[in-house]
Amino acid sequence: MTVVILNHSMIKHKITNIRKKETKTKDFYQNVNEIASLMAFEISKDFPLKDVEIETPICKTIQKELNCEVVIVPILRAGLGMVDGIRNIIPTASVGFIGLARDEETLKPKGYYTKLPDTVKEDNTIVLVVDPMLATGGSAVAAVDIIKKSGAKKICFASLVAAPIGIETLKNAHPDIDIYVAALDEKLNEKGYIVPGLGDCGDRLFGTK
Ligand code: PRP
Ligand code: URA
């Protein structure tokens, strides 16, 4: 397993954009998708390839093609904000869904929806679970539990902003998965929000508060 904190000037710049409290829904959504694209570029850099013979207008040649299926699984709601950005980079990916909502008192996630494609269980499938916020880590652990029960063999998790406790919790529960994070923040506050963070990501993406 690896934990990768992405170190890229454009990612840092765009993360600053979404942290600003004055950033409105349209720009917030656009920046989240752009960061997700940059992350997908990095996450997919060692995806398996196979040789294929093709014909250019000039001659036959052996070239490389992706040799895996990719399933993107956003954790609803906020994970939806990353899907288009990842599909821009991996357009052949299929998309599954896991609905989880944190109880505001206990901070424990409650599941309300799961829809995964059958391909998650194939040996050559890479499942990319996405959620912009990794706070206590409870939602990420629950999502990976569900995906493993569906038979997935290779799982990566990507989030935009993480608290140290969230990374530790996910690592301890699922030491076999790779974790990619665009920004590692300081801590959680007493309400379980990431500090400095960006507030409630679902509300800011979908304009619900
Ligand atoms: C947020 C966020 C994560 C979760 C992270 O979702 O999108 O799924 O909290 O917190 P955790 O690491 O402590 O579990 P929320 O439950 O607010 O639902 P929403 O996306 O529908 O707003
Ligand atoms: N969920 C959010 O949307 N933001 C946080 O800071 C923590 C959990």
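**Exercise 1. Leaving aside its neighbours within four places in sequence, which residues is Ser-37 in contact with?**

Work on the predicted model.

Step 1. Locate the residue. Ser-37 sits in helix α2, residues 25-43.

Step 2. List the partners. Ser-37 touches Gly-85, Ile-86, Asn-88 and Ile-89, once neighbours within four places in sequence are set aside.

Step 3. Look for a polar atom pair. A polar side-chain atom of Ser-37 lies 2.7 Å from the backbone oxygen of Gly-85.

Step 4. Classify the exposure. The relative accessibility of Ser-37 is 14%. Buried means under 20%, so Ser-37 counts as buried.

**Exercise 2. Describe how helices α1 and α2 pack.**

Step 1. Take the geometry. The axes of α1 (residues 9-19) and α2 come within 9 Å and cross at roughly 155°.

Step 2. Assign the orientation. Angles over 145 degrees count as roughly antiparallel. Therefore α1 is roughly antiparallel to α2.

Step 3. Assign the hand. The crossing of α1 and α2 is left-handed.

Step 4. Name the contact residues. From α1 come Met-10, Ile-11, Lys-14, Ile-15, Asn-17 and Ile-18. They meet Phe-28, Asn-31, Val-32, Glu-34, Ile-35, Leu-38 and Met-39 of α2.

Step 5. Sort them by class. The α1 and α2 contact has nine nonpolar, two polar and two charged residues.

**Exercise 3. Find backbone features in the loops.**

Step 1. Recall the background. Most peptide bonds are trans, and most residues other than glycine have a negative phi.

Step 2. Check omega. The bond from Leu-76 to Arg-77 is cis, with omega near -5°. Arg-77 lies in the loop between β4 (69-76) and α3 (83-89).

Step 3. Check omega again. Val-195 and Pro-196 are joined by a cis peptide bond, with omega about 0°. Pro-196 belongs to the loop between β13 (194-195) and α6 (201-206).

Step 4. Check phi. Leu-107 is not a glycine, yet its phi is positive, about 65°. Leu-107 is in the loop between β6 (97-102) and β7 (109-115).

Technical notes
Residues are numbered from 1 along each chain as its sequence is written. Chains are lettered from A and ligands numbered from 1 in the order in which they are written. This is a predicted model: local features need pLDDT of at least 70, side-chain atom pairs count only at pLDDT 80 or more; totals for chains, interfaces and linings use all residues. Side-chain values use heavy atoms; hydrogens and water are left out. Helices (H or I, at least four residues) and strands (E, at least two) are DSSP runs, numbered from the N terminus. Buried means under 20% relative accessible area, exposed over 50%, partly exposed in between (1.4 Å probe, protein chains only). A polar contact is a pair of N or O atoms within 3.5 Å; within protein, one must be able to donate a hydrogen and the other to accept it, and residues adjacent in sequence count only if both atoms are side-chain atoms. Contact means heavy atoms within 4.5 Å. Axes are lines fitted to C-alpha atoms, for helices over the stretch in contact, and angles run from 0 to 180 degrees between N-to-C directions. Angles under 35 degrees count as roughly parallel, over 145 as roughly antiparallel, 65 to 115 as roughly perpendicular and the rest as oblique. A crossing is left-handed if the near helix is turned anticlockwise from the far one by less than a right angle, and right-handed if clockwise. Ala, Val, Leu, Ile, Met, Phe, Trp, Tyr, Cys and Pro count as nonpolar, Asp, Glu, Lys and Arg as charged, and the others, Gly among them, as polar.
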